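The questions below go through one protein model step by step. Please look at the sequence and the structure before reading on.

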Amino acid sequence: MEHPRKANLLNKIKALYPLKEGQEELASFALDKVTDAVSAYCNITVADLPAELDNGIIGMAIQELDSCLWSDAGTDSSVQSITEGDVSVSFKSQAELYQALQDSNPITDKYLNLLNSYRVLSYD
């Protein structure tokens with residue numbers, strides 16, 4: 001399910017974090033991942049996430065973009081390794097960047113206090 005305020009959140013991310021042309025889809029993917037993780041952690045459906053969590057969701061999405069080098073995906077700055085002898089430079093592929101995002105956990109200690117305030121017990 002899509003977050004009801006997704007367009008607004010995505011606009012705030014674009015205003016706070018410089019995206020290159022064609023990278024809106026990457027930011028949208030990161031936002032969806034963070035929203036799903038927050039929903040699962042708090043035991044609240046995505047549609048019912050309170051507006052008070054929006055700034056935290058934006059911060060986590062920007063952190064995800066930053067840590068996975070999403071803003072530089074497909075450019076020369078997504079360097080994977082550099083070797084000086086006989087000069088060798090290799091770049092991360094788009095698939096490697098997606099894999100890095102999939103492997104990361106957007107909920108860090110920095111946001112636990114905020115999320116714990118809205119966490120609901122689940123009796124499943």
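Q: Leaving aside its neighbours within four places in sequence, with which residues is Thr35 in contact?
A: This is a predicted model, in which local features need pLDDT of at least 70, side-chain atom pairs count only at pLDDT 80 or more, and totals for chains, interfaces and linings use all residues. Residues are numbered from 1 along each chain as its sequence is written, and side-chain values use heavy atoms, with hydrogens and water left out. Contact means heavy atoms within 4.5 Å. Once neighbours within four places in sequence are set aside, the contacts of Thr35 are His3, Val46, Leu49 and Ile57.

Q: Is Thr35 buried or exposed?
A: Thr35 is part of helix α2. Buried means under 20% relative accessible area, exposed over 50%, and partly exposed in between, with a 1.4 Å probe and protein chains only. The relative accessible area of Thr35 is 3%, so Thr35 is buried.

Q: In what order do the elements of the chain run from the N terminus on?
A: Helices (H or I, at least four residues) and strands (E, at least two) are DSSP runs, numbered from the N terminus. The chain has five helices and two strands. From the N terminus on, their order is α-α-α-β-β-α-α.

Q: Which elements do the buried residues of α1 pack against?
A: The buried residues in α1 are Lys6, Leu9, Leu10 and Ile13. They lie on the same side of α1 because they cover an arc of only 100° around the axis, the arc being that of the directions from the helix axis to the C-beta atoms. Ala7 and Ala15, on the other side of α1, are exposed. The buried residues of α1 pack against α2 (24-42) and α3 (54-67).

Q: Which residues does Lys6 touch, not counting residues up to four places away in sequence?
A: Lys6 is in helix α1 and counts as buried, at 9% relative accessibility. Its C-alpha atom is 8.0 Å from that of Leu31, which is 25 residues away in sequence. Apart from residues up to four places away, Lys6 touches Ser28, Leu31 and Asp32.

Q: Which residues does Asp54 touch, not counting residues up to four places away in sequence?
A: Asp54 belongs to helix α3. Its relative accessibility is 7%, so Asp54 counts as buried. With residues up to four places away not counted, Asp54 touches His3, Arg5 and Leu9.

Q: What distance separates the C-alpha atoms of Phe29 and Ala61?
A: Phe29 is found in helix α2 and is partly exposed, with a relative accessible area of 28%. Along the chain, Phe29 and Ala61 are 32 residues apart, and their C-alpha atoms are separated by 9.2 Å.

Q: What distance separates the C-alpha atoms of Thr108 and Gln63?
A: Thr108 sits in the loop between α4 (94-103) and α5 (109-116). At 24% relative accessibility, Thr108 counts as partly exposed. Thr108 and Gln63 are 45 residues apart along the chain, with their C-alpha atoms separated by 9.7 Å.

Q: What is the phi of Asn43 near?
A: Asn43 lies in the loop between α2 and α3 and is partly exposed, with a relative accessible area of 39%. Its phi is positive in a residue other than glycine, near 60°.

Q: Over the face of which residue does Arg119 lie?
A: A charge sits over a ring if NZ of Lys or CZ of Arg is within 6 Å of the ring centre and within 35 degrees of the ring normal. Arg119 is at 4.0 Å from the ring centre, over the face of Tyr41.

Q: What percentage of the residues of the chain count as buried?
A: Among contacts between residues at least 6 apart in sequence, 69% join residues at least 24 apart. Of the 124 residues of the chain, the buried share is 39%.
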